[in-house]
Amino acid sequence: MRKLIESTFMTIDGVVSGADKWSTPYWDEEYSAYARELLFAADALLLGRKTYEGFAASWPSLESVEGDYAVRMNTLPKHVASRTLTDTTWNATVIKGDVAEEVARLKRQPGQNLLKFGTGELDRTLLEHRLVDEYHLWVTPVVAGSGDRLLDGIDTTHLKLARTTTFASGVIVLTYTPGAPQ
């Protein structure tokens with residue numbers, strides 16, 4: 001059975017929107033090595049429509065810059081949760097029907113991890129149905145002051161800290177699994 005891994009960039013005040021504006025100064029060798037580990041431990045991606053559209057517009061042109069990371073990103077199958085998207089490119093298929101049911105089916109298949117990027121409505125569905133096995137929250141030492149916050153409006157949900165990874169840049173990746181504290 002595969003694990004579903006959530007990888008989310010956020011500021012210390014919990015903002016997840018605009019990561020392209022505040023996270024890039026922290027992309028160093030440690031950051032890249034951790035991202036690479038997550039990507040190469042997966043054999044498929046799970047994306048919401050907005051993340052898919054943004055990634056599909058940029059990643060195919062990054063192979064000359066990002067090397068085998070971009071090749072891996074571009075060649076992995078993508079499963080896209082969307083009610084409006086009908087046509088896809090970039091090795092993607094739209095999840096039709098019940099998203100939670102389809103993600104649960106994907107998790108039951110043999111293989112490596114499913115890696116999810118981006119935040120939004122899909123996160124709510126995954127959390128409500130307890131489908132995420134690990135949350136990798138990349139806390140960047142930035143105060144955004146305003147913006148979309150991770151999981152606003154979700155009922156209280158307890159998680160267990162599984163691991164903390166600290167980079168010299170000040171970024172801390174908090175890895176959580178489902179479950180109440182002991």
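Helix α6 (residues 99–108) lies across β1, β2, β3 (78–81), β4 and β5, and runs at about 130° to β4. Contact here means heavy atoms within 4.5 Å; axes are lines fitted to C-alpha atoms, for helices over the stretch in contact, with angles running from 0 to 180 degrees between N-to-C directions. Helices (H or I, at least four residues) and strands (E, at least two) are DSSP runs numbered from the N terminus. The model is a predicted one, with local features needing pLDDT of at least 70 and side-chain atom pairs pLDDT 80 or more, while totals for chains, interfaces and linings use all residues. Residues are numbered from 1 along each chain as its sequence is written, and side-chain values use heavy atoms, leaving out hydrogens and water.

Now for the sheet itself. It is open and built from eight strands with mixed pairing, in the order β4-β3-β2-β5-β1-β6-β8-β7; two strands pair if DSSP finds at least two bridges between them. Since β4 (92–95) and β7 (159–166) stand at the edges with a single partner strand each, one side of each is left without a neighbour in the sheet. From one strand to the next, the twist averages 25°. Strands β1 (residues 4–11) and β6 (residues 134–140) run parallel and are joined by seven bridges, with Glu-6 standing opposite Tyr-135 in β6. Helix α2 (residues 29–40) lies across β1, β2 (42–48), β5 (113–117), β6, β7 and β8 (172–178), and runs at about 165° to β6.

Over in strand β7 sits Thr-165. Leaving aside residues up to four places away in sequence, Thr-165 touches Tyr-34, Val-171, Ile-172 and Val-173.

On a 1 Å grid over the protein atoms alone, a cavity is a set of points where a 1.4 Å probe fits but cannot get out, whereas a pocket is an open set with protein on both sides within 12 Å along at least five of seven lines; lining residues have an atom within 4 Å of a point. The largest cavity has a volume of about 30 Å³, and its lining is made up of Glu-6, Asp-123, Val-132, Tyr-135, Leu-150 and Leu-151. The second largest pocket holds about 260 Å³ of space. Its lining has 14 residues, with Leu-127, Glu-128, Arg-130, Thr-156 and Thr-157 closest to its centre.

Key. Points joined across faces, edges and corners; volume = space filled by probe spheres on them.
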